[in-house]
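Please look at the model with these points in hand.

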Amino acid sequence: MKILVAVKRVIDYAVPVRVKADKSGVEALLPKMSMNPFCEIALEEAVRLKEKKFVSEILAITLGPAGVQDVLRHALGLGADRALHVVSEQELQPLAVARLLAAVAKRESVGLALLGKQAIDDDSNQTGQMLAALLDWPQATFASKVEIDTSVPSKMRAVVTREVDGGLQTLSMELPAVITADLRLNTPRFVSLPNAIKAKKRQIEQLSPDSLGVEIVPQLRTVEVNAPPLRNAGTRVSNVAELVERLHNEARVL
Amino acid sequence: MMQVPRTMSLQHMLTSPNSVIFRMMRSLVLVEHKNERVEPVTRNTIKAAQILGYEITALIVGDRVEKVAKEVAETLAVSKVLVAKHSFLCHQLSEQVAQLLKSIVKRDSYSHVWAPGSTYGKNILPRAAASLNVQPVSDVVQVVDKDTFVRPIYAGNALATVQYISQEGPRVLTVRPSAFPVSESGPCSSKADILYVQDELLSELAESSTRFEGETVSKSGRPELGSAKIVVCGGRALKSAKNFQMLDSLADVLGGAVGASRAAVDAGFVPNNLQVGQTGKVVAPDLYIGVGISGAIQHLAGMKDSKTIVAINTDPEAPIFQVADYGLVQDLFTAIPAFEEEIKKLQRA
């Protein structure tokens, strides 16, 4: 079974961002880009499924302008077998990403698509669900545990525990399916130096929206981006009694 | 302002069945419910939908839904309640709920489709949107006009105003519950009509291969984290699951809920449905008390809209003090029992 893992290049999670003066977007205070943490977890899960012999080939895919390729090198270093880059200079909203991924999933006849539950830049939490809809595959979002049930070899199933409000839910579904990874699915490994060097020499396959027959028409326009309202400066209290007194008399919340 | 492509004639706008101008302006709200009760986040979602002033239909999907339908019809400000009842909808699996939602939106041409930005709404709504060929907007915190919405990005470090530029298709939205607070609800002035979705639509539903295998529900007896007026949150500095009992005890005295940072969840001190932050729950209580929490941006994303923020931490440089209204630099193991005592004193007074 082939597995498709979508990875996104984002501003590193530890780098503070601020809104640009012209309100067109945000800028990072340090020039550090990384693979979206949830994508890294999805990829790690794919590698573990391959180590358990459920998966024959891991296809890592990313979308965007030329500069996003470094996450594919990282993916190859972590254990992806092939790297695919859908080159597009246009802004890609989740629906467009889902369409492009659906086209690739069909073309490559993948048996499972693994994604992160959300990207930490746009925080949309949509792409996996949309991909599942477009392919008409079952979905398991916010996965914290994935097992493959091979008791009926012709109809392999994924048994997935999901993190939902109020607790955990377990679903099982026939493959092919779309699974999105939550934080607690696993702890991603590090890329070893030899693997990183090997990954540098590997080829990255380039695709285009045209070659996949997908037309990209953004439906949303970002009008402006603003900084969230600033909070008033707080005060330090010297002890617990003062804290409770102030919460009672000043803030009136007790 | 609505932007009309030059190529689209007025004639076309008035006659195209999918055109926004032609289409009736009305909202459909997907009701989240559990154990025959409406989940509080549904009320926040209706509050957001009300801002546009259009007629609101509530959609209830499930198996045992009579009580929920009655509760919605009698206590929520909706003009119609649409019920899709079928035994195989009992676990409200995304595949079937999304398909049903799509069919109903197409049949009745709703201009706006809303769901709570909970794990329930986020699981289902994008799936329905994609099959309607619509790019949804997640976590709406402000409704500007029928096409324009504000949503947080970058863990709440920026607020993006986004506008639909396509004329076709409904606007599909999930709502951040904490951004649309509701007061305690009494009965509505008028009861809404309850209509049942006919069998044709239900029999169209494809049988999904997905099977519900089970669930683990964390029970606490405390107010629900997302809607509690007071939230006490603990971090890694609590050091153990046992020490979290200090926070449980404090929360009980305050009548509040307990939350946690990711570090505390990852360390196994508390279950992960208590996580507050970018990838957990977003809370905006009247009083948030952060205990032994440093205040990483991912955690701040989940609580910085709280009305009053208290931070108790031994590290005076901890970033949480930058957002705290009241900061106390003290060891939590002495501060928390003392805090509880002071509150009891206050309550006795």
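1. Strand 11 of chain A and strand 13 (residues 211-217) of chain B are joined by six bridges and run antiparallel. One pairing to find on screen is Gln169(A), which faces Glu215(B) in strand 13 of chain B. Bear in mind throughout that this is a predicted model.

2. On its other pairing, strand 11 of chain A meets strand 10 (residues 157-164) of chain A, antiparallel, over eight bridges. Here Gln169(A) in strand 11 of chain A stands opposite Arg162(A). Strands 10 and 11 of chain A make a hairpin, with two residues between them. Gly166(A) sits in that turn and has a positive phi of about 95°.

3. Which sheet holds these strands? They belong to an open sheet of 10 strands, in the order 13(A)-7(A)-6(A)-1(A)-8(A)-12(A)-9(A)-10(A)-11(A)-13(B). The pairing is mixed. From one strand to the next, the twist averages 30°.

4. Strand 7 (residues 82-87) of chain A and strand 13 of chain A run parallel, joined by four bridges. Leu84(A) has Glu205(A), in strand 13 of chain A, as its bridge partner. Helix 3 (residues 94-107) of chain A packs on the sheet. This helix touches strand 1 (2-6), strand 6 (57-64), strand 7, strand 8 (112-116) and strand 13 of chain A. Its direction makes about 150° with that of strand 6 of chain A.

5. Strand 15 of chain A runs parallel to strand 18 of chain B, with three bridges between them. Val237(A) has Leu328(B), in strand 18 of chain B, as its bridge partner. Strand 18 (residues 326-329) of chain B also pairs with strand 17 (residues 308-313) of chain B, parallel, over four bridges. In that pairing, Val329(B) is the bridge partner of Asn313(B).

6. How many residues of each chain are in contact across the interface? There are 75 of chain A in contact with 85 of chain B. The buried area is about 6800 Å², and carbon and sulfur atoms give 53% of it. Asp165(A), Gln219(A) and Arg231(A) supply 11% of the area that chain A buries against chain B, more than any other three residues.

7. The charged and polar contacts come next. Three salt bridges are counted between chain A and chain B. One of the side-chain pairs that meet in a salt bridge is Arg231(A) with Asp325(B), at 2.9 Å, N to O. Across the interface, 50 residue pairs are in polar contact. Strand 11 (residues 167-174) of chain A gives eight residues to the side of chain A that touches chain B, the largest share. By class, that side has 36 nonpolar, 21 polar and 18 charged residues.

8. Two backbone details in chain A deserve a check. Most residues other than glycine have a negative phi, and most peptide bonds are trans. Leu175(A) and Pro176(A) are joined by a cis peptide bond, with omega about 5°. Pro176(A) is in the loop between strand 11 and strand 12 (177-181) of chain A. Asp136(A) has a positive phi, near 60°. Asp136(A) lies in the loop between helix 4 (127-135) and strand 9 (139-149) of chain A.

Terms used:
Residues are numbered from 1 along each chain as its sequence is written. Chains are lettered from A and ligands numbered from 1 in the order in which they are written. This is a predicted model: local features need pLDDT of at least 70, side-chain atom pairs count only at pLDDT 80 or more; totals for chains, interfaces and linings use all residues. Side-chain values use heavy atoms; hydrogens and water are left out. Two strands pair if DSSP finds at least two bridges between them. Contact means heavy atoms within 4.5 Å. Buried area is the accessible area (1.4 Å probe) that two parts lose on being put together, summed over both. A salt bridge is a side-chain nitrogen of Lys or Arg within 4 Å of a carboxyl oxygen of Asp or Glu. A polar contact is a pair of N or O atoms within 3.5 Å; within protein, one must be able to donate a hydrogen and the other to accept it, and residues adjacent in sequence count only if both atoms are side-chain atoms. Ala, Val, Leu, Ile, Met, Phe, Trp, Tyr, Cys and Pro count as nonpolar, Asp, Glu, Lys and Arg as charged, and the others, Gly among them, as polar. Axes are lines fitted to C-alpha atoms, for helices over the stretch in contact, and angles run from 0 to 180 degrees between N-to-C directions.
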